[in-house]
Amino acid sequence: MSGIIKLEELTKTYRSFNRREGVWGSVKDLLHRDYFDVKAVDGISLDVPEGELLGYIGPNGAGKSTSIKMLTGILKPSSGSMQVNGYHPFRDRKAYTRQIGVVFGQRTQLWWDIAVIESFRLLSKIYDVRQVDFDARLKNLSEILELEALLRLPVRKLSLGQRMRCDLAASLLHNPKLLFLDEPTIGLDAVAKDSIRDFLRAINRDFGTTIILTTHDLKEIEELCQRIVVLDKGKIIYDGSLVKVKAMPGLKRSIVIDFAGKAPLEELSTLFQGRAQFSLQSERRLVGEFAPEQLPAAEVVRTVLDRHEVADLTITEPSIEQVIVKLYRDGANGSRVAGNG
Amino acid sequence: MAKASTGPMSVQAADRVDPIRRAKSVYGAVIRNAFLDMLAYRLRYFTGIITYLLFVSVHYFIWTAVFAARESNATINGFTLPEMVTYVSIGWIARSLYFSNIDYEINELVRSGQVSVYLLRPVNFHLLLVAQAAGETLFRLLFFTVPISGVILWLFPVELPASLGHFAWFLAATVMSFLILAEVNFITGLCAFWFKSIDGVMRAKYFLVQILSGLLLPLSFFPGWLQTVVELLPFKTISYLPLQLYLGKVPLDEAPTVLFEQLCWWVALGMLSYFVWRRAVRVLTLQGG
Amino acid sequence: MRTLSIYGSYFNQFLMSRLAYKWDFFASLIANIVVTLSGLLFIVLLIDGEAVPSLQGWTREEVLFIYGYSMISLALFNTLSPNLYRFGDKYVIEGQFDRVLLRPLNTLCQVLFESFNLESVGSLFVGIWLIFYTGASLGMEFGALDYLWLLVSGISGGIILTSVFVLLASLSFHFQDRLGIGAPVYNLINFGRYPLPIFNNVVQFVLKWVVPFAFVAFFPATHFFSRPGFEFFCYFTPGMAAICLLVAALAWTYGVSKYTSTGS
């Protein structure tokens, strides 16, 4: 199946220079600069089918923003080929922008001093949206995003969460096939985050909009995305399903057991020697961790319950943070983690 | 807010602290940083040199045209052509030293909201900006005024100062010009607390100072009523009076009175800028920054 | 037509946000009048008709006529230019150009139409008044073709000025440095506001072919004078405007491809 986004060996190189230190160094910079090339994005290949909700993650400087900016037509790739919904984002910029919606968390696309509804009207004019469609979409969007009370206010008077909802609506007025979101929930409170997540899920489901999401908030990725792409140092170090990556060897589950009596630390440590590590958290509580491929959870539970009276027991899957840390560590060793997307 | 709980990324983000952003607590450090900032923007520096040269050129040609078809020693309103060429050239060279961007800086600080950060710091905002401007002037002295003087003195027939004494007084007066203009710019910049955009105000100030300071033409070219008006304003002490010292139109024994007049205007403008600053702070606190 | 109506909306949008601060607008309007008059003041003070009767044979009225002519092009340019001065800071370094690139419109037009200096319109009227006032003292009579020429050359002059600043603004794509192209280079225009023959050959060459500000006011104004020798350059004004526009557009397009979006 051919995807809506196809990237092959996409690379973006920046020219940068070393700034010399001190006053004399700056004088020398004035006359001559030491230039060197930095590969912000280093040969990434990607195939995204239509209707997918893709999580795009990586630390600062991993090339996340740069690749999103190439995908949205802001930056011209240095080399490699790309095609999104049949367009080359930079070369066919004007036609291409009609196909996509973009929301950058830190920056609004709306006009600062005028009422939100005026911004919407102007945008619909820019994107050539018919009046009927505009009315219908605005009605729909303002219902889901609860914009009714905000439409008459100038953007500068909105809170961050309100502004984000308006920005989301603005990016969807022309009914784009793809939606790019760069840190859409940065700085938002939990309630606002929830409502935006629900909304993204809904438009992905109801309209089949392909969504590319970058965020620092890994919980968000966990809740929304079936597939993740992890970048590090300009390269893709993982591309695949979130479920599979969690089954990767070397990741640990954690267990918390509350005993009715005194916690039997030494007994359990001997029993599972080498396969699980335990430590005492309080007199009656024991915490431990173990790798699922070495020790099935069922065995742990059965063994503990058979021998002791247990008040409570919790087993936690490896957290996504752990997964990512592991990916970076493996990525640093030069191996691309296998995954099938 | 989410940043604290994002695992590996937040660690890396914390490692990326911009080394250039150092604390600017000591005014000396401020001067040094302004100097380095100027160096960082090297293109602005190159375009600036060319622009200054063009400034002087256009006025050189205008004055040559004014004196065209006259005797070589003819005077107009008390100035000969060589004197006028010197007046214009030295006027612009001096301007490259005394001008400052304090108004622009304040405007930027107010626009970006950073001004409230400065209010919280135990530094004198006014002194900080003047120190920063002084740092820039120091930079310009080395990398701007020296080369531009070289080019101008080479291209145009500029006369030497009337005497070494006159030159010394002229230099002292130019330092005062810096201080006086700094106050004018400070007050102009403070308008940003009241208006959404002060681009127009800054431009109006720019042109007013240019003409009323006598940079474009000596006050003796002004009609009588305008001369009276200009006498009552501080601007003539920025360019016209220092240039009179350079050309020797003010006798040496009267030179101290020129500096005294500058000093008086500096004190008066300083008091005015303090007064306006107090009101500006009130505006800021009322609006909640 | 659709494009025109979109930029019309951009203008309306700007007007709405501008009028949200109307005192601010009045202050700017007054400031603009001060700027216009102080520029005029220099010539009026210099060529006072007594101590200085003329500028190398160019009478006070002629010089003022040329100066008034320049105000028309300059008013057009000033109205459109505020974003060009701060283009490097506002769009490239701050990264606002991202937003511009995300819209299905020409990038340069967006930048020009996102902000206006409406108060500059004041100097348009001063310029027109000056042309007719000094024109009358010079005994000129204006026919239909003269009005048409005034319109065409005024717009051409505006295009030349805008193009030069677009070219300078597009340098911001290549250099991360803040460009000092605000007030200083603006004063370069002064060369084009005086009779060209008062300058030496090098300067004349530059004003004709390098930074063609002589086409902003002086050359087109000679259409109204009975001084021979400038005909070719006078009527070449629209051609020069076309060349400038082309060069600026090429520089801009090339610059956009080098945009690095460092902001954020």
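Predicted model: local features only at pLDDT ≥ 70, side-chain atom pairs only at ≥ 80, totals over all residues.
**Questions about salt bridges, sheets and a patch**

Me: What makes A:Arg227 and A:Glu52 a salt bridge?

Reply: The closest N and O atoms of A:Arg227 and A:Glu52 are 2.8 Å apart. A salt bridge needs a side-chain nitrogen of Lys or Arg within 4 Å of a carboxyl oxygen of Asp or Glu, so this pair qualifies. As for names, residues are numbered from 1 along each chain as its sequence is written, and chains are lettered from A and ligands numbered from 1 in the order in which they are written.

Me: Which parts does that pair tie together?

Reply: A:Arg227 lies in strand S8 of chain A, and A:Glu52 sits in the loop between strand S2 (34-48) and S3, so parts that are 175 residues apart in sequence are tied together. Helices (H or I, at least four residues) and strands (E, at least two) are DSSP runs numbered from the N terminus. Both A:Arg227 and A:Glu52 are buried. Buried means under 20% relative accessible area, exposed means over 50%, and partly exposed is in between (1.4 Å probe, protein chains only).

Me: How do you know that the pair of C:Arg2 and A:Asp128 crosses between chains?

Reply: Look at where the two residues are. C:Arg2 is in helix H1 (residues 2-19) of chain C, and A:Asp128 is in the loop between helix H4 (116-126) and helix H5 (131-144) of chain A. Their side chains meet at 3.2 Å, N to O. C:Arg2 has a relative accessible area of 32%, so it is called partly exposed. A:Asp128 is partly exposed too, with 43%.

Me: Why is A:Asp232 called buried?

Reply: Its relative accessibility is 13%, which is under the limit of 20%, so A:Asp232 counts as buried. A:Asp232 forms a salt bridge with A:Lys233 at 3.6 Å between the closest N and O atoms. A:Lys233, at 62%, is over 50% and therefore exposed.

Me: Which residues are joined into one network by salt bridges that share partners?

Reply: They are A:Asp194, A:Arg197, A:Asp198, A:Arg201, A:Glu220 and A:Glu223. Over all chains, the search finds 29 salt bridges.

Me: Why are S11 and S13 of chain A said to stand at the edges?

Reply: Start with the order of this open sheet of four strands, S11-S12-S10-S13, with antiparallel pairing. Strand S11 (276-280) and strand S13 (310-316) each have a single partner strand, so one side of each has no neighbour in the sheet. The twist averages 15 degrees from one strand to the next.

Me: What makes S10 and S12 of chain A a pair?

Reply: Two strands pair if DSSP finds at least two bridges between them. Strand S10 (residues 253-259) and strand S12 (residues 285-290) have six bridges in the antiparallel sense, so they pass. Across this pair, A:Ile257 stands opposite A:Leu286. Helix H11 (residues 297-307) of chain A packs on the sheet, touching S10, S12 and S13, and its direction makes about 170 degrees with that of S13. Contact means heavy atoms within 4.5 Å, and angles run from 0 to 180 degrees between N-to-C directions, with axes fitted to C-alpha atoms, for helices over the stretch in contact.

Me: What order do the strands of the open sheet of six strands have in chain A?

Reply: The order is S5-S6-S7-S3-S8-S9, with mixed pairing. Strand S5 (100-104) and strand S9 (235-241) are the edge strands, each pairing on one side only.

Note on methods:
Heavy atoms only, no water.
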